[in-house]
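This report describes how the parts of one protein chain are arranged. Look over the sequence and the structure before reading on.

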Amino acid sequence: MEKNQKILKFLSYFTIIWNSMALAFKILLLTLLLILTFVCAKDISLSNEVANTINNAFSENVTPDTYNNTFSENSNQNDDGFKPIPDSKHIDKGIHFSYNGKDFSMSKVSGSDVQNLSVVFAVMLIIAIVWTIFTKFLVIFTGALGLRASKKPEKSKVPFVLACIISVFSAIKIIFYVLFSGIGFVCTVSSIVFIIFTVYLGVVKKDYENTLKASSPQSDNNTTEVVNNTD
């Protein structure tokens with residue numbers, strides 16, 4: 001039992017320290033992104049620059065050879081597939097994307113569009129910050145309770161229930177990363193450790209319950225002996 005308590009103590013410290021560092025890093029990153037979105041939403045010149053960058057990223061640069069070859073493949077006229085090179089060698093194709101087999105396109109992005117998107121993105125970042133604080137604090141709090149349970153096994157019931165609930169979401173996270181992320185599986189190390197932490201919480205809880213059961217007959221016999229001596 002003492003060995004399991006020591007392992008639980010180590011896992012509790014790991015859970016608290018790791019998630020505290022992850023919380024600080026995520027809050028810092030999300031806060032910086034939130035500040036950038038506020039600046040972008042407020043400064044129209046910066047929004048225009050972002051819009052130009054997006055438009056340039058979705059435009060097509062063509063050379064005389066690629067331009068005429070493209071025309072040759074699609075031409076139905078008797079001009080040998082060639083036509084004069086336009087004055088500009090930069091043809092703006094706009095933004096095109098497909099979803100569920102449907103093609104969508106839109107014209108150039110303007111600075112006002114970027115500002116509107118920045119406001120929406122800022123709201124999403126605020127929600128993400130609140131959610132990150134809540135989830136990480138819950139994990140850290142459970143780790144602190146697990147640390148107490150490693151010293152006092154009788155206190156292991158509440159953290160075990162919380163850990164089981166969190167472990168369900170941790171398992172879903174691991175499955176998601178395995179199926180869709182590949183190298184992102186490294187990000188699930190903390191989730192794997194937390195599941196192991198939950199297992200050892202259950203082991204310590206079970207050991208304590210077995211100890212109580214083992215000591216119960218002895219206490220009953222002692223009580224019987226005291227009563228008989230009194231009589």
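Which residues make up the largest nonpolar core?

## The largest core

The model shown here is predicted. Its largest nonpolar core has 11 residues in all: L8, L11, V139, A149, A163, I166, V193, F194, F197, L201 and V204. Helices α1 (2-42), α4, α5 and α6 (189-230) each supply at least two residues of this core. The largest share, five residues, comes from α6.

Leaving aside neighbours within four places in sequence, L11 is in contact with V193, I196, F197 and Y200. A second, separate core has five residues, among them L30, L34, A122 and L125.

## Where α4 meets α5

Two packed helices are described by the angle between their axes and the distance between the axes. Helix α4 covers residues 111-151 and helix α5 covers residues 157-180. Their axes come within 9 Å and cross at roughly 145°, and the crossing is left-handed.

On the α4 side, the contact involves L138, V139, F141, T142, L145, G146 and A149; on the α5 side, it involves V158, P159, L162, A163 and I166. Of the residues in this contact, 10 are nonpolar, two are polar and none is charged.

## The whole protein

The protein contains six helices and four strands. From the N terminus on, the order of these elements is α-α-β-α-β-β-β-α-α-α.

Of the 231 residues, 28% are buried. The protein exposes about 15,900 Å², and carbon and sulfur atoms supply 65% of this area. Among contacts with a separation of 6 or more, 72% join residues 24 or more positions apart.

Methods: Residues are numbered from 1 along each chain as its sequence is written. This is a predicted model: local features need pLDDT of at least 70, side-chain atom pairs count only at pLDDT 80 or more; totals for chains, interfaces and linings use all residues. Side-chain values use heavy atoms; hydrogens and water are left out. Axes are lines fitted to C-alpha atoms, for helices over the stretch in contact, and angles run from 0 to 180 degrees between N-to-C directions. A crossing is left-handed if the near helix is turned anticlockwise from the far one by less than a right angle, and right-handed if clockwise. Contact means heavy atoms within 4.5 Å. Ala, Val, Leu, Ile, Met, Phe, Trp, Tyr, Cys and Pro count as nonpolar, Asp, Glu, Lys and Arg as charged, and the others, Gly among them, as polar. A nonpolar core is a set of buried Ala, Val, Leu, Ile, Met, Phe, Trp, Tyr and Cys residues joined through side-chain atoms within 4.5 Å. Buried means under 20% relative accessible area, exposed over 50%, partly exposed in between (1.4 Å probe, protein chains only). Accessible areas come from the Shrake-Rupley method with a 1.4 Å probe; for residues, only the protein chains shown count as cover.
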